[in-house]
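Please examine the sequence and structure shown here before reading on.

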Amino acid sequence: MSKDSRALRLPLVAATLAMTLLMSGCVSIFIPDLPTKTSSPTDEKVEPSLQGFYSQVLKWTKCNGSFYCAKASAPMDWSDPSKGKIEIALVKSPATGKKHGSLLVNPGGPGASGVEFVVDSLDYAVDSKLQSNFDIIGFDPRGVGKSTAVSCYKDPADLDKFIYEIVPLETDPVKTIKAIEESYKAFGADCLKYTGDFLGFVDTISAAKDMDMLRAVLGDKKLNYLGYSYGTFLGATYAELFPKNTGKLVLDGALDPATSDFDVTLTQAKGFESAARAYLSDCLSQSGCPFSGTVDQGMKTIKSLLDRLDASPIKSSDGRMLGSGTMFTAIILPLYSSDNWPYLSDLFSDVFQGNADYAFQLADIYNGRDADGTYKDNSTEAFTAINCLDYPPEASREVVIQEAERLAQEAPVFGPQMSYGGTSCVDWPFKSTRVRGPIKAAGSAPILVLGTTNDPATPYQWAVNLAGELENGHLITYKGEGHTAYNKSNSCVDDTVDDFFISGKVPATDPKC
């Protein structure tokens, strides 16, 4: 969809790993061997209906060289386990030194695969110190990847239509809003058709309950957890539900659970504009930059390009039409990290010459689409289903129109691309029951919240907010660019996180790295 104000998918790996995939096309495949190890559950006492889940023994099988894979069972509905079971896929990188326990890692999304994250980019996920001291555990949350997954189509062309279809320009914005609502309604109906009732149980609260069960079956009395981006929302939710079971939690690139759907959209739009301005400032200082003049003039050029693509899309070699929505997706992918700004220059150079293929290549990476038109994962389906359960529609069509006007005022380049979607989930098959609000996690262990001052995807203020909302939150500031900071910024951040996980050291004040 070219216009949609729901929160953008925030996979950590979009910034660096996606560019590796762009160059290599490498996709890992699990090749299980015979069971070689089993887990040792904590054998703690829970409700009788849940005891079998908490006491199950995982059977680890060798996979992908030095990794081990397993699947755990969880109830589809934690409030009524009799409704059936689902599977949660896990992968383990065993500790290379003295083991301090397990460390669960989530890369974000919602909809990103923790299994693939650990297998494909272990050294990007955690540094060698954590690999030495912990079993690093990647897992696919319910609805995602190799776990029991959300499915919404049989023909990939149907997903293509949902993602890449250009919403016709309408003089009456109500018609645009209706078109978005109808698209989501049809997509939701297909998701229900192919997923069944499980579609109503892929919310973040259920996923957090899965994590507590995983903690127990892995043999850990307390949960150690590193969550990136959306993974911070999952981690904070866990701390709210199970504060006494928190061990060491680090939330990097934080979402603020108290922020409204619209404020999420507005803050992200302004964040991406800030990142684009930083890119332009850097680009204009170098030879070969596709822009000229000032940063303000460059932003106007990008706006003009998006407006032109709305009116006159460019046809790609595979027949797809490049509108402003897909171009926006192609732009924001390299904005996740300043390391990828050269790809952004290549993108603009190509499109300025009237070509669309490179833009689709970047957008396809973001959406998990392969060159043959198939999709390597279900990240779009999971992202949509999880968000529709986590974010209750807050606005009427009239309010959505007012919000679009504000977006255009405060983020004139990207705001229009993120408008008109506030009611997109109004006809989703299952209604959200979550009430948005601050998470206090009263009684939890110390929790580190990392924020980057010019993070385009999860703006710094959200980290400030979350650290302040948590009863035992501790803000760690990284002064720099990019989405997330640990193992990607400087030694001050890395040492602070490593010392916390390994020694339990909590900074007395924000080190302001």
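## A buried cysteine pair

Cys 152 is buried, with a relative accessible area of 2%. The model in which this value was computed is a predicted one. Cys 191 is likewise buried, at 0% relative accessible area. These two residues form a disulfide, with their sulfur atoms 2.0 Å apart. The torsion about the S-S bond is about 100°, so the link between Cys 152 and Cys 191 is right-handed.

The bond joins distant parts of the chain: Cys 152 is in the loop between β8 (135-139) and α5 (156-164), while Cys 191 belongs to helix α6 (residues 173-195), 39 residues away.

## The disulfides of the chain

The count of disulfides comes to five.

Cys 388 lies in helix α14 (residues 379-390) and Cys 425 in the loop between α15 (397-410) and β13 (447-454), so the pair ties together parts that are 37 residues apart in sequence. Cys 388 is buried at 2% relative accessible area, and Cys 425 is buried at 3%.

## Helix α17 and the segment after it

Cys 492 and Cys 513 also form a disulfide, with a sulfur-to-sulfur distance of 2.0 Å. The link is left-handed, with -60° about the S-S bond. Because Cys 492 lies in helix α17 and Cys 513 in the segment after α17, the pair ties together parts that are 21 residues apart in sequence. Cys 492 is partly exposed, at 28% relative accessibility, whereas Cys 513 is buried, at 12%.

Val 493 is also found in helix α17 (residues 491-503). At 1% relative accessibility, Val 493 counts as buried. Beyond its neighbours within four places in sequence, Val 493 is in contact with Leu 450, Tyr 478, Ala 485, Tyr 486 and Cys 513.

## Packing of helices α12 and α13

Helix α12 (residues 341-352) packs against helix α13 (residues 357-367) at an angle of about 140°, with their axes 8 Å apart. That angle makes α12 oblique to α13.

On the α12 side, Tyr 343, Asp 346, Leu 347, Asp 350 and Val 351 take part; they meet Asp 357, Tyr 358, Ala 359 and Leu 362 in α13. By class, the contact of α12 with α13 has six nonpolar, no polar and three charged residues.

How values were computed: Residues numbered from 1 in each chain as written. Predicted model: local features only at pLDDT ≥ 70, side-chain atom pairs only at ≥ 80, totals over all residues. Heavy atoms only, no water. Helix = DSSP H or I, 4+ residues; strand = E, 2+ residues; numbered from the N terminus. Buried < 20%, exposed > 50% of the residue type's maximum accessible area, 1.4 Å probe, protein only. Contact = heavy atoms within 4.5 Å. Axes fitted to C-alpha atoms, helices over the stretch in contact; angles between N-to-C directions. Parallel < 35°, antiparallel > 145°, perpendicular 65-115°, else oblique. Nonpolar A, V, L, I, M, F, W, Y, C, P; charged D, E, K, R; others polar. Disulfide = S-S within 2.5 Å.
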